[in-house]
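Please look over the model below before reading on. My notes follow as numbered points.

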Amino acid sequence: ERVAGLRYTDPDGVERAVRARFVVDASGNKSRLYSSVGGTRNHPGPAGGPALSGYFGLCRQPAPYAGDTLTVAFDSGWFWYTPLTGGLSSVGVVVRPELAERIQGDREKALQALIAECPLISDLLSAAARVIAGPKYGRLRVWDTSSYHQTAFWRPGMILVGDAACFVDPVFSSGVHLATYSALLAARSINSVLADELDEKTALTGFEARYRREYEIFHEFSGSFHDPDADQESYLRQARKITNSEYTERAAFADLAGGFSSGEWQLDRPL
C-alpha cells in the first residue's frame, strides 16, 4: 500500500490531513513515523555508552585550530569539544558502556569529575563557565549513543533520512554528514521519479543502497575507535581498509572523516 500523505493534530487540537506524492521522515531518532516504512530497528553493536553534554562559554583552542572540533580519548571514554557560533562551545563525553553509572545522579558533579580526568579538556575549559540559563542551552543532557538501523529505509511514497533511518556513534560528528548526505540522495531520487527519469523502485532502491553503504562505513570504523588496544596508526590503517582507498592511510582517514569516501561528487545530477 502506498503512503499518500499524513494526518496530524495542529496546535489548536484540530486533526488535519495533508496529501503528497512523497512523505520524507527527517524527524530524527525519536521519530514517531519511522516504523511506518515496515521492518524493524536493529542495534547491531558494539553497544555505545551513554553521553553527557552541555554548553560552555567560548574558550578557543590556540590558532590555527580555534574553530576546529577537538576529539580526545581518555580512560573512561572520549570527549568532544566543538566551538559554535554565538560565543558557545558544545562539550560532551561518551563513557564506556560498563561505566554508565558514572553519569547517573548529579549530572553537574559527574561532568566535572570526568573533565578532571581528561587534562586536555580540563585545561581548555579552565577559564570557561558552563551555561546554566535557558531550557535549550542551560541544561545537561544525557542520551544513548548505541548505533541502530532500520531494516527498510523506504516504502512506496515514504522515505527515511538522517537519524530516522540509522544512527552511528557520534565520533567525528558523522551524524551531520549522514543527515545531509541522505537528504541529498533522497531529493535526487524523488526528483528523478517526478521527472519520469526513473521508476520509483529503481530510484529508491538506489537511494537505500548508497545511504546504507555510507552508514556501514562509519559504523564499522566506530567499532575500531572503541578498541582499547587501538592507536592512531591503527585508526589510519582501518580507515584505508574500510574505504578500500587507493590513497595513503592519512588521506583515506581524512576522506572518511570528511564524508568524501562515497566518491559521489555531484549529487545534484540524476541517478
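1. Surface patch. Leu-6, Tyr-8, Val-18 and Leu-33 make up a nonpolar patch on the surface, and together they have about 300 Å² of accessible area. Patches are built from residues with over 30% relative accessible area and no salt bridge; like charges are joined within 9 Å, nonpolar side chains (Val, Leu, Ile, Met, Phe, Trp, Tyr) within 5 Å. Areas come from the Shrake-Rupley method with a 1.4 Å probe, and for residues only the protein chains shown count as cover. Tyr-8 sits in strand β1 (residues 5–9). Its relative accessibility is 36%, so Tyr-8 counts as partly exposed. Buried means under 20% relative accessible area, exposed over 50%, and partly exposed in between (1.4 Å probe, protein chains only).

2. Basis of the model. This is a predicted model: local features need pLDDT of at least 70, side-chain atom pairs count only at pLDDT 80 or more, and totals for chains, interfaces and linings use all residues. Residues are numbered from 1 along each chain as its sequence is written, and side-chain values use heavy atoms, with hydrogens and water left out. Helices (H or I, at least four residues) and strands (E, at least two) are DSSP runs, numbered from the N terminus.

3. Main core. The largest nonpolar core has 33 residues, and Ile-159, Phe-207 and Tyr-211 have the most contacts inside it. Elements giving two or more residues to this core are β12 (158–160), α3 (174–194), α4 (200–225) and α5. The largest share, eight residues, comes from α4. A nonpolar core is a set of buried Ala, Val, Leu, Ile, Met, Phe, Trp, Tyr and Cys residues joined through side-chain atoms within 4.5 Å. In soluble globular proteins, nonpolar side chains tend to be buried together.

4. Which residues does Ile-159 contact, leaving aside its neighbours within four places in sequence? They are Phe-22, Val-23, Val-24, Asp-25, Phe-153, Trp-154, Ala-186, Ile-190, Leu-204 and Phe-207. Contact means heavy atoms within 4.5 Å.

5. Ile-115. Ile-115 is found in helix α1 (residues 107–117). Ile-115 is buried, at a relative accessible area of 5%. Not counting residues up to four places away in sequence, Ile-115 touches Phe-56, Phe-79, Ile-121, Ser-122 and Leu-125. Cys-166 is 51 residues from Ile-115 along the chain, and their C-alpha atoms are separated by 30 Å.

6. Arg-2 and Glu-200. The structure holds eight salt bridges. A salt bridge is a side-chain nitrogen of Lys or Arg within 4 Å of a carboxyl oxygen of Asp or Glu. In one of them, Arg-2 pairs with Glu-200, the closest N and O atoms being 2.5 Å apart. Arg-2 lies in the segment before β1 and Glu-200 in helix α4, so the pair ties together parts that are 198 residues apart in sequence. Arg-2 is partly exposed at 37% relative accessible area, whereas Glu-200 is buried at 15%. Leaving aside neighbours within four places in sequence, Glu-200 is in contact with Arg-2, Phe-22, Arg-155, Pro-156, Gly-157 and Val-193.

7. Further salt bridges. Glu-108 bridges to Arg-130, with the closest N and O atoms 2.7 Å apart. This pair links distant parts of the chain, 22 residues apart: Glu-108 is in helix α1, Arg-130 in the loop between α2 (119–124) and β9 (141–144). Glu-108 is partly exposed, at 29% relative accessibility. Arg-130 is buried, at 16%. Glu-98 and Arg-96 also meet through their side chains in a salt bridge (2.7 Å, N to O). Arg-96 is partly exposed, at 34% relative accessibility.

8. Helix α3. The 21 residues of α3 should span 30 Å at 1.5 Å a residue, and the end C-alpha atoms are 30 Å apart, which agrees. The expected span is 1.5 Å times one less than the number of residues. Buried residues in α3 include His-177, Leu-178, Tyr-181, Leu-185, Arg-188 and Val-193. After α3 comes Asp-196, with a positive phi near 60°.

9. Helix α5. Helix α5 (residues 232–243) has 12 residues and reaches 17 Å from its first C-alpha to its last, close to the 16 Å expected. Buried here are Ser-234, Tyr-235, Leu-236, Gln-238, Ala-239, Ile-242 and Thr-243. Asn-244 follows α5, and its phi is positive, near 55°.
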